[in-house]
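This report describes a protein structure for a reader who has not seen it before. The sequence and the model come first, and the description follows.

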Amino acid sequence: MSFQIHSIRKLPFFFFFFTSRSSPKVSSRISPSSSAFFSTSIVGAEDPILVRDYIHSALYDPNYGYFSKRSGSVGMLETSIKFNKLEGRRAYLRHLDKIYKQSDISWFTPVELFKPWYAHGIAEAIMRTANLSVPLKIYEIGGGSGSCAKNIMDYIMLNAPSRVYNSMTYISVEISSSLAKKQLETVGEVRSHLSKYRVECRDAADRSGWGDADLQPCWVIMLEVLDNLPHDLVYSENQVSPWQEVWLQKQRDSSNISEIYKPLQDQLIKSCIDIIDLEKDHTTGGSRGITAARNIWSKAFPKPRRSWLPTGCMQLLEVLHGALPKMSLIASDFSYLPDVRIPGERAPLVSTKKDGSSTDYNSYLDAKGDADIFFPTDFWLLERMDHYCSGWKPDVKDQASKKGKKRRTITLGTDQFMEEFGLPTKTRTKDGYNPLLDDFTNTKFYISVPTHNTK
């Protein structure tokens, strides 16, 4: 397999976001309490929890999680937008504003706004790269309204040899029962798709749901999934102090929640830190004099550090590589989020929408099941985690070990991906403005395929 990508270029950061949207010893330092109240079933006074567990509950708890309470938060357009009939950007924005006001939906995903063309680009990438001598199997994690699945199956039905369509399997792994039902209805609009499609309502990050490892080649699609995966938070008092895990605890006789800091113990957190520091430690080594100077500087001008770690992504990749060792992966998500108020590297945007207007919160602890929590994706880190979870754990001192990578990967801007695999003329307005290429410069695609170059 090979990728032939043309005209790759750096992208400007222009943002156009449619949502407008048995414990170890505990440190004695406690953060200022948050005024946010959350159910004691999530954060108890006696049993603190990791930040990732709090975020998971705030988003996915079946009773009060954001995606459970707001099953209509993912929008679905009744008809595709006729971009070629719009005069230009101003007309497109007016049309978009009208759609949002009519639906009062929190957001429309790119696959919905640009249907069927967005999904057709993904289908073409799969068709161009897959081994079509074996039955095509596609998994989609978090299928939204089902538009991606239907549009991909439409494309394969119309453009691939009939044997490819007739023997294919498309499986949606969806944690939300309401969205799972919607996906079946959407795909069922084409009757022949239903015999090849099924929805498994479960958590994709739970290894037990996958059963025995499937050794056959397959594709995994994750669109706007990584940004909503739980993250952990680590804290350091200054530039040279060791990282500590952040846990949350409800204060006694109060509804306030406090952060508490513990020495590193959680394996997912430690693995993420190791992966991030792997190259950093190799390239930024210094003399004893430099180290001493840094220690003195950190004491004179202490600067606390906070870093958000994509442990949910790490866990999901570990599960996928274990269950589907020959998978190929296509993921797309935000590479950058502007105006984030929450401190820390890779910090999330926490936003809620009510009566058509959006509000961004200053603290992740303000999310009480009524707010979306979404993170930028560090695609450099995503690639390293992908290699790590596939079984490649090189010793940084042995550069020759890089020859043993089990994955071939590439990261592309959305415009690059669509210019290569899609039909950009279909999303272009009369004056040449193209929202798919021009407005999504803070989103990227990540493609990862297995390689036999493991010696």
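## Helix H1

Is helix H1 (residues 51-60) largely enclosed by the rest of the structure or left exposed? Helix H1 is largely enclosed, because 8 of its 10 residues are buried. The buried residues of H1 are Val51, Arg52, Tyr54, Ile55, Ser57, Ala58, Leu59 and Tyr60. Buried means under 20% relative accessible area, exposed means over 50%, and partly exposed lies in between, with a 1.4 Å probe and protein chains only.

## Basis and overall figures

This is a predicted model, in which local features need pLDDT of at least 70 and side-chain atom pairs count only at pLDDT 80 or more, while totals for chains, interfaces and linings use all residues. Residues are numbered from 1 along each chain as its sequence is written, and side-chain values use heavy atoms, with hydrogens and water left out.

The protein has 14 helices and 15 strands. These are DSSP runs numbered from the N terminus, helices being H or I with at least four residues and strands being E with at least two. Of the 455 residues, 55% count as buried. The accessible surface is about 21,300 Å², and carbon and sulfur atoms hold 50% of that surface; the areas come from the Shrake-Rupley method with a 1.4 Å probe, and for residues only the protein chains shown count as cover.

## Nonpolar cores

A nonpolar core is a set of buried Ala, Val, Leu, Ile, Met, Phe, Trp, Tyr and Cys residues joined through side-chain atoms within 4.5 Å. The largest one has 81 residues, and Ile122, Ile138, Ile152, Ile156, Tyr170 and Tyr364 have the most contacts inside it. Helix H5 (residues 117-129) gives the most to this core, with 7 residues. The core lies between domain 1 (59-231 + 310-395 + 403-449) and domain 2 (232-283 + 291-308), because both give residues to it. The domain bounds come from an automatic or database domain assignment.

Leaving out residues up to four places away in sequence, Tyr364 touches Val51, Tyr54, Leu233, Val246, Leu248, Glu259, Arg306, Trp308, Ile342 and Val350. Contact here means heavy atoms within 4.5 Å. Another core, of 41 residues, lies apart from the largest one and includes Ile141, Ile260, Leu309 and Met314.

## The seven-stranded sheet

An open sheet of 7 strands has the order E4-E3-E2-E5-E10-E15-E14, with mixed pairing. Two strands pair if DSSP finds at least two bridges between them. Strand E4 (197-201) and strand E14 (407-413) are the edge strands, each pairing on one side only.

Strand E2 (residues 137-141) has 4 of its 5 residues buried, so E2 is largely enclosed by the rest of the structure. E2 pairs with strand E3 (residues 169-174) in the parallel sense over 5 bridges, and 4 bridges join E2 to strand E5 (residues 218-223), also in parallel. Tyr139 stands opposite Ile171 in E3, and its bridge partner in E5 is Val220. At the E14 end, 7 bridges join E14 to strand E15 (residues 443-450) in the antiparallel sense, with Gly413 opposite Lys444 in E15.

## The three-stranded sheet

Another open sheet has 3 strands in the order E12-E11-E13, with antiparallel pairing. Strand E12 (357-360) and strand E13 (372-374) each have a single partner strand, so one side of each is left without a neighbour in the sheet. Strand E11 (residues 349-354) pairs with E12 over 4 bridges, and Lys354 stands opposite Ser357 in E12.
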